[in-house]
Amino acid sequence: MHKITLIPGDGVGPEITQATIRVLEATGVSFEWDTQNAGEDVFKQEGTPLPDRVLESIKKNRVAIKGPITTPVGSGFRSVNVLLRQSLDLFCCLRPCKSYEGAKTSYKNIDLVIVRENTEDLYAGIEYKKDSEGAGSIIELVKKITGRTIRRDSGISIKPISVYGSERIVRYAFEYARKHNRRKVTAVHKANIMKHSDGLFLEVARGVAAKYPDIEFEDKIIDNMCMQLVQKPELYDILVMPNLYGDIVSDLAAGLIGGLGLAPGANIGNEFAVFEATHGSAPKYKGLNKVNPMAMILSGILMLKHIGESAAAQKLDNALASVIKEGKSVTYDMKPANDNQAAETTSGVADAIISKIA
Ligand code: NAD
């Protein structure tokens, strides 16, 4: 029996979570779900979107699976997702993007793994509002030590990248490569412009790479990387990068394999792991039983592997692959434009996968 913290999330979160629980249980693995709500509704009831009880539950169970949680844009509470990653030191965001036969995309045989640093960079949450005392102090300090002027009407976000943070994420990428028999690690950066943050990341990456002579290493500037991924994704294998680029490139890679409905993720630290899809809460589809649960189900497959249930993971992956290949019981986002058959519902996809679990 595996005791797992279950965070249904908001928006489409609860419906894809329900579908995911059903298929995970259908593999025959026993779970005890410790359900913990977080997000906007919890903020209204408990005054915080991420109460301590949620963190305590994950600390106790060590593994969680979560649905997406909405983050208000511009103002309001800070991202619960970012807070979770920082509070539990889940320094690695692992996002494998693999082609499934029958998925709606013109790319074939994509097999990329994005290893995104998850705690630093512009996501550190150190920000100063325009006209605030903090912004004013920084503007004065920068003027004093560099002689350079930042406009008074600026908001400021700080981008810290450390040796410690870079080293552990790049090491994770190489260790993952070894463990999974992968051939190459590409470090992605903008070190030509941000010499002391991205430049440091690259310098550390080169140092770590030297300790793994059995794995090929190269680096790419982020803008070139985006073009390369669209033109010749087959040249790439594992991509390791700072937080913000990882966020953007994950969605790009999801696009290559047929969209966000197929892109899973895992937030991993030395002690805890939280599994969640790459996509967000897609609020306009909330409660419609319409969106694709496969990204969260694929995140569940990553979780099964993490808790040592590899046979169940393989069984579920085969069932999911067979549903995609057949193309009948898939949601709207996976239907070709010329397919007149009605799209499957979220719960219908779970039924179809369960029917194929051998
Ligand atoms: P989103 O990923 O929620 O949705 C963007 C679009 O992608 C949707 O409108 C939909 O067309 C499509 N899509 C997403 N998931 C899908 C699915 N499972 N099946 C089919 N189509 C799907 O991105 P957004 O609209 O930018 O963000 C909505 C909210 O989610 C924001 O508040 C954002 O902060 C939050 N968010 C949360 C997480 C997380 O919980 N880890 C991650 C990303 C965004």
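How many nonpolar, polar and charged residues does the lining of the second largest pocket have, by class? Point 5 takes this up.

1. Basis. This is a predicted model, in which local features need pLDDT of at least 70, side-chain atom pairs count only at pLDDT 80 or more, and totals for chains, interfaces and linings use all residues. Residues are numbered from 1 along each chain as its sequence is written, and side-chain values use heavy atoms, with hydrogens and water left out.

2. The sheet. Ten strands form an open sheet with mixed pairing, in the order E2-E1-E3-E12-E11-E4-E5-E10-E8-E9. Strands (E, at least two residues) and helices (H or I, at least four) are DSSP runs numbered from the N terminus, and two strands pair if DSSP finds at least two bridges between them. The edge strands, each pairing on one side only, are E2 (31–35) and E9 (216–221). From one strand to the next the twist averages 25 degrees; axes are lines fitted to C-alpha atoms, for helices over the stretch in contact, and angles run from 0 to 180 degrees between N-to-C directions. Strands of a sheet pair through backbone hydrogen bonds, either parallel or antiparallel. E1 (residues 2–7) and E2 run parallel and are joined by five bridges, with Leu 6 opposite Thr 35 in E2.

3. Strand E4. Six of the seven residues of E4 (residues 92–98) are buried, so this strand is largely enclosed by the rest of the structure. Here buried means under 20% relative accessible area, exposed means over 50%, and partly exposed lies in between (1.4 Å probe, protein chains only). E4 pairs with E5 (residues 111–117) in the antiparallel sense over seven bridges; Pro 96 has Val 113 of E5 as its bridge partner. E4 also pairs with E11 (residues 266–268), again antiparallel, over three bridges.

4. Helix H3 (residues 52–61) lies across E1, E2, E3 (63–66) and E12 (273–275), and runs at about 155 degrees to E1. Helix H9 packs on the sheet and touches E4, E5, E8 (184–189) and E10 (238–241), its direction making about 160 degrees with that of E5. Contact means heavy atoms within 4.5 Å.

5. The second largest pocket. The answer to the opening question is 17 nonpolar, four polar and seven charged residues. Ala, Val, Leu, Ile, Met, Phe, Trp, Tyr, Cys and Pro count as nonpolar, Asp, Glu, Lys and Arg as charged, and the others, Gly among them, as polar. This pocket holds about 780 Å³ of space; a volume is the space filled by probe spheres set on grid points, which are joined across faces, edges and corners. On a 1 Å grid over the protein atoms alone, a pocket is an open set of points with protein on both sides within 12 Å along at least five of seven lines, a cavity is a set where a 1.4 Å probe fits but cannot get out, and lining residues have an atom within 4 Å of a point. Of the 28 lining residues, Leu 94, Tyr 176, His 180, Leu 302 and Lys 305 lie nearest the centre of the second largest pocket. Helix H10 gives the largest share of this lining, five residues.

6. The largest pocket. Its space is about 1100 Å³. It is lined by 40 residues, and Thr 71, Pro 72, Ser 79, Val 82 and Tyr 123 are the closest to its centre. Helix H4 supplies the largest share of the lining, five residues. By class, the lining divides into 15 nonpolar, 15 polar and 10 charged residues.

7. The cavity. One cavity of 30 Å³ or more is found in a search of the whole structure. Residues lining the largest cavity include Glu 117, Phe 201 and Asn 243.

8. Asp 317. This residue is in helix H11. Asp 317 counts as buried because its relative accessibility is 12%. Apart from neighbours within four places in sequence, Asp 317 is in contact with Lys 98, Tyr 100, Leu 298 and Ile 301.

9. Gly 47. This residue sits in the loop between helix H2 (40–46) and H3. Gly 47 is exposed, with a relative accessible area of 54%. Its C-alpha atom is separated by 46 Å from that of Ser 106, 59 residues apart along the chain.
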